[in-house]
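Q: I have a model open and want to go through a few of its features. Can you take my questions as they come?

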Amino acid sequence: MFPYIPLKRFLTCGHCGKPLRGYIVKKKNLHYYKCCTKACNNNKSATTLNSLFEKVLDRFKIDRAKDVIDLIKQQTVAVFNQLTAGKQDDYQHLQRQHREIVTKINRLEERYVEEEIGGDLYHKYRQRYDDERIRNRGKTDEAIPAGVEPR
Ligand SMILES: [Zn+2]
């Protein structure tokens, strides 16, 4: 019985709003949806109502709305890029700063090892560069990496 009246309890009566039930007239092997409100007696052929429901569903089919989906996608990407443009630039800028700091630290270590500078200078600048690196790391964590987003 189920395949013939799959919409029972899902559909509601157009007159009184109560869920429709299904039943079969066994002699004729015909299926119906029926409202159970006594005064209502709304009665519909299952074949008719099922195919009507299929037509309604057809309007929501995704492939028909493909153009709309493509437009929504394009618009979403555009808005995302607009909203994050500054942050992507920030991220790249911070990445560059990070590389510069690392280079400075390496050079400082070399000069210290080569005895071009003494311990005082080494520790003073080492502290400064380390602080810079930590601040940079904090800002980088908040920025948005380029390449993650759709372009
Ligand atoms: Zn009814």
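Q: How close do the axes of helix 2 and helix 3 come, and at what angle do they cross?
A: This is a predicted model. In it, the axes of helix 2 (residues 66–113) and helix 3 (residues 119–142) come within 10 Å and cross at roughly 160°.

Q: So is that parallel or antiparallel?
A: Roughly antiparallel, because the crossing angle of helix 2 and helix 3 is over the 145 degrees used as the cut-off.

Q: Which residues of the two helices make the contact?
A: From helix 2, Tyr91, Leu94, Gln97, His98, Ile101, Lys104, Ile105, Leu108 and Tyr112. From helix 3, Tyr122, Tyr125, Arg126, Tyr129, Glu132, Arg133, Asn136, Lys139 and Thr140.

Q: How many of those are nonpolar, polar and charged?
A: The contact of helix 2 with helix 3 has 9 nonpolar, 4 polar and 5 charged residues.

Q: Left-handed or right-handed crossing?
A: Helix 2 passes helix 3 in a left-handed crossing.

Q: Now helix 1. How many residues does it have, and what does it span?
A: Helix 1 covers residues 46–58, which is 13 residues. From first C-alpha to last it reaches 18 Å, close to the 18 Å expected at 1.5 Å a residue.

Q: How many residues of helix 1 are buried?
A: The count is 1 among its 13 residues, and helix 1 is hardly covered.

Q: What does Tyr4 touch?
A: His31 and Ala46, leaving out residues up to four places away in sequence.

Q: And why does Tyr4 count as partly exposed?
A: Because Tyr4 has 15 C-beta neighbours inside 10 Å, and a residue needs 20 or more to be buried and 12 or fewer to be exposed.

Q: How far is Tyr4 from Cys40?
A: They are 36 residues apart in sequence and 23 Å apart in space, C-alpha to C-alpha.

Q: On to the backbone. What is phi at Asn29?
A: About 55°, a positive value, although Asn29 is not a glycine. Asn29 lies in the loop between strand 1 and strand 2 (30–35).

Q: Buried or exposed, that Asn29?
A: Exposed, with 8 C-beta neighbours inside 10 Å.

Q: What about Asn41, where does it lie?
A: Asn41 is in the loop between strand 2 and strand 3 (43–45). Its phi is near 55°, positive in a residue other than glycine. Asn41 is exposed, with 11 other C-beta atoms within 10 Å.

Terms used. Residues are numbered from 1 along each chain as its sequence is written. This is a predicted model: local features need pLDDT of at least 70, side-chain atom pairs count only at pLDDT 80 or more; totals for chains, interfaces and linings use all residues. Helices (H or I, at least four residues) and strands (E, at least two) are DSSP runs, numbered from the N terminus. The expected span of a helix is 1.5 Å times one less than its number of residues. Axes are lines fitted to C-alpha atoms, for helices over the stretch in contact, and angles run from 0 to 180 degrees between N-to-C directions. Angles under 35 degrees count as roughly parallel, over 145 as roughly antiparallel, 65 to 115 as roughly perpendicular and the rest as oblique. A crossing is left-handed if the near helix is turned anticlockwise from the far one by less than a right angle, and right-handed if clockwise. Two residues are in contact if their C-beta atoms, placed from the backbone, lie within 7 Å. Ala, Val, Leu, Ile, Met, Phe, Trp, Tyr, Cys and Pro count as nonpolar, Asp, Glu, Lys and Arg as charged, and the others, Gly among them, as polar.
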